[in-house]
Amino acid sequence: MTQHLPILSIISLFIGAFIVALIKEKNEMLRNTIVLIATFLSFVFTIMMYRPIILEGNILTYWMGNWEPIKDWAIGIGLEVDQLSLFFGLFISLSIVLSALYSFRYIERETGKDKYYVLFLMMSASVMGFIFTGDLFNMYVMIEIMTFASVALTAFRNDRPEAVEAGFKYIAIGSIGSSLILLATVIIYAQFHTLNLAQLAGELYNNYTAITIFALALMIVGYAVKVFAVPTHFVAPDAYMVAPSSISMLFSGIVNKAAVYGILRIIYVVYQSMNLSSMQFLLVFWGTVTMFIGVTMALAQHDFKRLLAFHSISQIGYVLTGIGLTTALGITGGLYHALNHTLFKGLLFLCAGAVFYATGTTDLDKLGGLAKRMPQTTLIFLIGAFSISGIPPFNGFVSKWIIYQASYEAGYAPVTIIALIVSVMTLASFIKVAQSAFFGQLPKEFKNVEEVPLSMRIPMWIMAILCIVGGIVPSTVTKYLITPAANAVMNSAKYVEVMMGKEFASKFYSNLGSAPVIDYKLAGYWQPIAWLILFGILLLAFTLVAVLGGFNPKKFSYADEEDAKYDVFFSGESAEFSHVGGSDLFWGLKYQFRHYFDFMHKIHSGLVNDYALSVVLTAAVILLYVFTFVR
Amino acid sequence: MTKIFILSSLSLVFVGLYGVLTRKNIVKILIALNIIETGINMLLVAFGYVEGGITPILQSDLSIANLDKMVDPVPQALVLTSIVIGLGTTAFALSLAMRYKDTHNSISIRATDEEGVNV
């Protein structure tokens, strides 16, 4: 039974998709039950792999159709689940279940729900398949299904012009990314005549020729397009904004994570190229740029979901930086942050969805004062916002702290400083959201909004509780989840050995199966419980003030008057009536850095040509870099 | 022979990229994306090509004796998968384009004079 678990966890979702396609619109109850069963089964099968793989340290392999390798040559398609795959698989399948649960009420007013669920299950299944596969071409197929389903779901509300437009942009950029991955796959196949990851890992061990380097560069860029690392990120905000929130959550929670997994698998296991300082620098630099540009763009947004999308890009920057550091601490921080990002960003997208469900808009300029009408959503939002900003005792603090520490120890002190600044800016922009959506004055048209239904609150609460758990018991989470995965990342010989046999692996690796021992101390995290109590008191005070109306800014009708807010010194009548709107909380900062923001607004032009050009330019730069420095 | 295949397929990739970067008509962009895909598929087939090769089916003693001369069958299987994926993507993208026409009343990504944009 155990050896069939990987394929079962993939196939249950695919079968669910086909059954849902057969049912169509006929029976809504039956359809929802099947969606729930399929996602839940997949989750259970993934959980069942926890004991043999993470606790006992085995690696599961499964040859499709029992085509086992003959004479060290892989013929069939293999699935291989090691600790890294399972770590990703666990939180991905969990977020699939939660998103399905949330969807039932969230999209009840839409038409074409059967298609929604078919695509939803296809996307989930392809991500699971991508995580568990041990075959390079299969990775391409799965990521293509994933892109395809994501595009269709982006354009799901196709009566809205911006949804269709975002779908088109996503398909154009996504296809270019997939084409790069396919091209790299083809080149690698032509060189080694195999597609099995383990066999390739053996063949590529210390084997840097012009051809393999070319393929490496294309692979990195291809997956970077799927991760939405910075010069290729333009399509992400457009897509995240218009997709239904349950899908935006999956975009940042599983689609992005799958691509992060792809990068990890390719550079750590297949190429084993992270011992080169040039590759380390590339990832750390790229991650740092990504986190900085993501967060500065987020400061300038006035749509709830678009702002979250830019934060998603920024947080992925942390993950890339963490895994780029290659120290045990760095990888641990990166993986921990990947897990945390799925939790808190999923939570925040669900909050945005709840606001949309209740009020019908996510425009921060129109919202306000929802705390009185939707207290639970507000509380959940605050938990998510504090987690993403890295405030103790929430999970974001732990992973960010590990990344600060790791980057400082690895000698990247400027990166530590930038990461800290980015964290502060993240908090700043969430204060803005809290101020303009949940506190402040309640607009008249939202006088009668109600809290979202229970089935939407349950997934939110589960994620909120997990956010707190991840912050209070970081050492347990690290010990039982992150460290095994980090071990698997650093020890690629074992992956090869289990898949292709000891004789094959010993041809390439001198020391087999000796996992490096990771020991580190999580400094700076003394008393989580004390922090929690402190936070509770602060939150209570905050809520009290908000409920009593302390944050209500005076509304005035002089908005059209000449604005004095950009003057260095201002006072008197004009300053009295200078209108600082909810989304305009950081006007001073924006004004001081207006050249930077003008430039950024210009390059986010919304044209497919420009977006494609940025992908091509990235590819060119990475090719040049890799050919110059990777030896 | 293989070199010609490789060069022509890579040039197809670049032609496609040029199209994606310069065209404003979304149908033309989709065609350009298709050209990129075709180029890569052709590359895949070219890599499996053996000059004067025989079909990769074990049917007689002669074919077993000439295993080296067999054409590699794997790329052809892969290219079929790739073509099917491309077909799905294109069909969906074209339906998006129709939808785009309905909502934007144009098939241009920006108001231009390019020919064929105003339908």
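Me: Which residue lies over the face of A:Tyr357?

Reply: In this predicted model, A:Arg109 lies over the face of A:Tyr357, at 4.2 Å from the ring centre. A charge is taken to sit over a ring if NZ of Lys or CZ of Arg is within 6 Å of the ring centre and within 35 degrees of the ring normal.

Me: What ground rules come with the model and the numbering?

Reply: The model is predicted, with local features needing pLDDT of at least 70 and side-chain atom pairs counting only at pLDDT 80 or more, while totals for chains, interfaces and linings use all residues; side-chain values use heavy atoms, with hydrogens and water left out. Residues are numbered from 1 along each chain as its sequence is written, and chains are lettered from A and ligands numbered from 1 in the order in which they are written.

Me: How many helices and strands are in chain A?

Reply: Chain A has 27 helices and two strands, where helices (H or I, at least four residues) and strands (E, at least two) are DSSP runs numbered from the N terminus. Of the 631 residues in chain A, 65% are buried, and here buried means under 20% relative accessible area, exposed over 50%, and partly exposed in between, with a 1.4 Å probe and protein chains only. Among contacts in chain A between residues at least 6 apart in sequence, 81% join residues at least 24 apart, a contact being heavy atoms within 4.5 Å.

Me: Back to rings, then. How many aromatic pairs are there over all chains?

Reply: The count comes to 31 aromatic pairs over all chains, using the rule that rings of Phe, Tyr and Trp (its six-membered ring) pair if their centres lie within 6.5 Å, with planes under 30 degrees apart counted as stacked, over 60 as edge-to-face and the rest as tilted. One of them is the stacked pair of A:Phe281 and A:Phe285, at 5.7 Å centre to centre and 20 degrees between the planes.

Me: Where do A:Phe281 and A:Phe285 sit?

Reply: Both belong to helix 12 (residues 277–299) of chain A, and because they are four residues apart there, about one helical turn separates A:Phe281 from A:Phe285. An α-helix has 3.6 residues a turn, so residues three or four places apart point the same way. A:Phe281 counts as partly exposed, at 39% relative accessibility.

Me: And why is the pair A:Tyr596 and A:Phe597 edge-to-face?

Reply: The planes of A:Tyr596 and A:Phe597 are at 70 degrees, with the ring centres 5.4 Å apart, so the pair is edge-to-face. A:Tyr596 is partly exposed at 27% relative accessibility, whereas A:Phe597 is buried at 6%. Elsewhere, ring pairs link A:Phe87, A:Phe88, A:Phe91, A:Phe130, A:Tyr223 and A:Tyr261 into a cluster.

Me: Switching topic: is helix 13 of chain A mostly covered or exposed?

Reply: Mostly covered, since 21 of the 21 residues of helix 13 of chain A are buried. Helix 13 (residues 304–324) reaches 30 Å from its first C-alpha to its last, close to the 30 Å expected at 1.5 Å a residue, the expected span being 1.5 Å times one less than the number of residues.

Me: What caps its N-terminal end?

Reply: A:Asp303 caps the N-terminal end of helix 13 of chain A, with a side-chain oxygen 3.0 Å from the backbone nitrogen of A:Lys305. Such a polar contact is a pair of N or O atoms within 3.5 Å; within protein, one must be able to donate a hydrogen and the other to accept it, and residues adjacent in sequence count only if both atoms are side-chain atoms.

Me: Last one: how many residues of chain A are in contact with chain B?

Reply: There are 33 residues of chain A in contact with 34 residues of chain B. The area buried between chain A and chain B is about 3100 Å², of which carbon and sulfur atoms give 81%; buried area is the accessible area (1.4 Å probe) that two parts lose on being put together, summed over both. A:Phe168, A:Tyr189 and A:Asn609 supply 20% of the area that chain A buries against chain B, more than any other three residues.
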